[in-house]
Amino acid sequence: MKFTVDKHEKYVLIRLNESKLNSLITPQLKSELILVNAEGQRNIILDLCQVKFADSSGLSSLLVGHRLCKNAEGSFILTCLNEAVARLINISQLDNVLTVVPTTEEAIDHIFMEEIEKELKKEAK
């Protein structure tokens with residue numbers, strides 16, 4: 001699996017440099033998501049700009065990322081989906097579960113806004 005991992009203070013950006021998100025890729029992607037989460041990162045942005053095709057095993061890996069981040073009280077955000085992948089997510093009705101934003105910059109802004117909200121809620125208690 002070809003990918004890059006950019007670690008930041010509040011989030012990790014994983015760029016998947018593959019054209020297919022299928023059963024050949026998903027075991028490695030799931031392992032990487034688990035590893036990043038185990039290192040204490042609760043916010044993960046998955047950049048899918050290069051991905052042109054996804055199947056059910058690909059969706060399964062996205063749900064693993066979502067569950068890991070949710071359990072850590074963080075966010076799992078998908079960005080830069082092509083039309084076929086976005087359609088698969090919609091057909092599977094995962095657009096109600098997964099957070100999808102058009103650009104990486106918007107995903108970063110989303111995470112920072114959520115982190116600010118969490119801080120404000122802590123201070124209010």
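User: What covers the buried residues of H2?

Analyst: Their cover includes S3, H1, S4, S6 and H3. This is a predicted model, where local features need pLDDT of at least 70 and side-chain atom pairs count only at pLDDT 80 or more, while totals for chains, interfaces and linings use all residues. Residues are numbered from 1 along each chain as its sequence is written, and side-chain values use heavy atoms, with hydrogens and water left out. Helices (H or I, at least four residues) and strands (E, at least two) are DSSP runs, numbered from the N terminus.

User: Which residues of H2 are called buried, and what does the word require?

Analyst: Ser57, Gly58, Leu59, Ser61, Leu62, Val64, Gly65, His66, Leu68 and Cys69 are buried. The word means under 20% relative accessible area, with exposed over 50% and partly exposed in between (1.4 Å probe, protein chains only). Cys69 has 0% relative accessibility, so the label buried applies.

User: What makes the length of H2 agree with that of a helix?

Analyst: The expected span is 1.5 Å times one less than the number of residues. For the 16 residues of H2 that gives 22 Å, and the end C-alpha atoms are 22 Å apart, so the two agree. Just after H2, Glu73 takes a positive phi of about 60°.

User: Why is Ser75 called buried?

Analyst: Ser75 has 7% relative accessibility, so it counts as buried. Its place is the loop between H2 and S6.

User: Which residues touch Ser75, leaving aside its neighbours within four places in sequence?

Analyst: Contact means heavy atoms within 4.5 Å. Ser75 is in contact with Arg42, Asn43, Ile44, Cys69, Ile111 and Glu114, once neighbours within four places in sequence are set aside.

User: Back to cysteines, then. How many disulfides are there, and what makes a pair count as one?

Analyst: A search of the whole structure finds 1 disulfide, the term meaning a pair of cysteine sulfur atoms within 2.5 Å. Cys49 and Cys80 have their sulfurs 1.9 Å apart, and the link is right-handed, with 110° about the S-S bond. The pair links distant parts of the chain, 31 residues apart: Cys49 sits in the loop between S4 (44–47) and S5 (53–54), and Cys80 in the loop between S6 (76–79) and H3 (83–91).

User: Why are Cys49 and Cys80 called partly exposed?

Analyst: Cys49 has 28% relative accessibility and Cys80 has 25%, so each takes the label partly exposed.

User: Which residues of H1 are buried?

Analyst: Thr26, Leu29, Glu32, Leu33, Val36 and Asn37 are. Seen down the axis of H1, these buried residues fall within an arc of 130°, so they line one face of the helix. The arc is that of the directions from the helix axis to the C-beta atoms. An α-helix has 3.6 residues a turn, so residues three or four places apart point the same way. The buried side of H1 packs against S1, S2, S3, S4, H2 and S6.

User: Which residues are buried in H4, and which are exposed on the face turned away?

Analyst: The buried residues of H4 are Thr104, Ala107, Ile108, Ile111 and Glu115. They fall within an arc of 100° when seen down the axis of H4, so they line one face. Turned away from that side are the exposed residues Glu105, Leu120, Lys121, Glu123 and Ala124. The buried residues of H4 pack against S2, S4, S6 and S7 (99–101).

User: Finally, how does the radius of gyration of the protein chain compare with a compact globule, and what is the rule?

Analyst: The radius is taken over C-alpha atoms, and the globule rule is 2.2 Å times the number of residues to the power 0.38. For 125 residues a compact globule would have a radius near 14 Å, and the protein chain has 14 Å, so the value agrees. Buried residues make up 41% of the 125 residues. The chain holds 4 helices and 7 strands, which run β-β-β-α-β-β-α-β-α-β-α from the N terminus on.
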